[in-house]
Amino acid sequence: MYTHSMTRSQAQSAPDYDTIVVGAGIAGLTAARLLTRAGRRVVVLEARDRIGGRVHSDRSGGTVTDRGASWIHGIHDAPLYAVTEAFGMRTIEFTVGSYQPGGRSIAYYDPEGVRLDDAAVGAFGDDVQTFDAALSDYVASLDSGVSYGTATEATLALLGWEHSRAQRVHEFACHRTEEQYGVWIDELDAHGLDDDETDGDEVVFPDGYDALATHLADGVTVIVEHVVSQIRWDNSSVTVAGPDAAETSAEHVVVTVPVGVLKAGGLTFDPSLPEPVAGALDRLEMNAFEKVFLRFGSKFWDENVYVIRRQGPAGAWWHSWYDLTPLHGTPTLLTFAAGPCARAIREWPDAQIAASVLDSLREIYGTAVTDPTRVDVTRWQDDPFAHGSYAYMTVGSTTADHDVMATPLGNGSVHLAGEATWTDDPATVTAALESGRRAASNILGREVELDELWS
């Protein structure tokens, strides 16, 4: 799968390195590969027994299930897409991944469970676009400290629409917040969706997104099952220690663990992270966002429909189902438990979650809905090496907080990287990739280009 990997027990006497990378996700592997190819002595310490982090392709039962990241949201001039193409990763176009009113064919069902005709779908899409334009103008006038929910309500009030029309759009904004950031609309800063843009088609990876991690790890020294519990640092060196007191030293460390791990207390810094990094970290939080995959023996939904969406109170939890059948030929629907829903069902067994989702589907399709042949539910909230799926901006944070987190510390001894540390497109694999490139650039003292990953 990747070269030069070993278990922690095989590396008790690890030598000193130029750079230690903590975490073998996309950010860590990108930094490590670029530094290694530049001639530096690098080791990646990974707590899990696998690489990839929150890019995790499950191949149990002979089926590829991307339990973590799935999409590239827009491939036009996209650095991540360029990397996957260079590595020869096969893609399928699936332009409905971001929560938009249009894209591939979407079947909307009204609060009574009746499918909207084309005219009604078009009118609703126009309403969302009108709202989005007005919301963008309103948010641009705001400083941080106002929630996305407050901004949404203020914008709808300015539009002056009658109640049911405004309610459908408000509901859409709530669901978009949940699906994009796994958080309730009043918990996200109004600027938290400033990056919500898709440029070009969206694609998914039928052979598994984790192929990206495999390619990045080729030729990189990775030690798996090595939990890091403490990082001691000064202006010239770092020492990384695990719970068994084993220590590894280097000139630099690149820490790529998720915000949830940085805030959980199991990994400490000595001295503690200073301002402005500490303040930026404090204003970001890990979300609640899980995937529910349902595989069926046959399709009961319409052909050429790539998304099913339910409006009204019945869609409070389960409102969007994505048809993943084209990926592998097996009839499959993906839905998301996000924000309040994800927290409420956190202790539920998979069978109970599946039953709840099926009840919602049967409100639309009745007895045509069969029992699934397989159910997969992710549990990122309970993952000790993640504590959630990705980070979001709490009310009062700023978009700049992402980049501020990556401020080099100790004359370049300590660098933070990962999806939460890249302002332009946070909470994405693109952000992880770019943040790893930036860390490598800072350590090498020159601008590193992404094509150095493969050229």
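Is S435 buried or exposed? In this predicted model, S435 is buried, because its relative accessible area is 1% and the cut-off for buried is under 20%. The residue sits in helix 13, which covers residues 429-444. Beyond its sequence neighbours up to four places away, S435 touches A27, A417, G418, T421 and W422.

Now turn to another serine. S70 lies in a loop, between strand 5 (65-66) and strand 6 (71-72). S70 counts as buried too, because its relative accessibility is 13% and buried means under 20%. Its contacts come from elsewhere in the sequence: leaving aside neighbours within four places, S70 meets V203, V204, F205, Y209 and K291. With K291 there is a polar contact between side chains, at 2.2 Å. D210 gives a further view of the fold around S70. The two residues are 140 apart in sequence, yet their C-alpha atoms are 9.6 Å apart.

Helix 3 comes next. It runs over residues 118-140 and has 23 residues. From first C-alpha to last it reaches 33 Å, close to the 33 Å expected at 1.5 Å a residue. Which of its residues are buried? They are V121, F124, G125, D127, V128, F131, L135 and V139. The cover over these buried residues includes strand 8 (106-109), helix 4 (148-159) and helix 5 (163-181).

How values were computed: Residues are numbered from 1 along each chain as its sequence is written. This is a predicted model: local features need pLDDT of at least 70, side-chain atom pairs count only at pLDDT 80 or more; totals for chains, interfaces and linings use all residues. Side-chain values use heavy atoms; hydrogens and water are left out. Helices (H or I, at least four residues) and strands (E, at least two) are DSSP runs, numbered from the N terminus. Buried means under 20% relative accessible area, exposed over 50%, partly exposed in between (1.4 Å probe, protein chains only). Contact means heavy atoms within 4.5 Å. A polar contact is a pair of N or O atoms within 3.5 Å; within protein, one must be able to donate a hydrogen and the other to accept it, and residues adjacent in sequence count only if both atoms are side-chain atoms. The expected span of a helix is 1.5 Å times one less than its number of residues.
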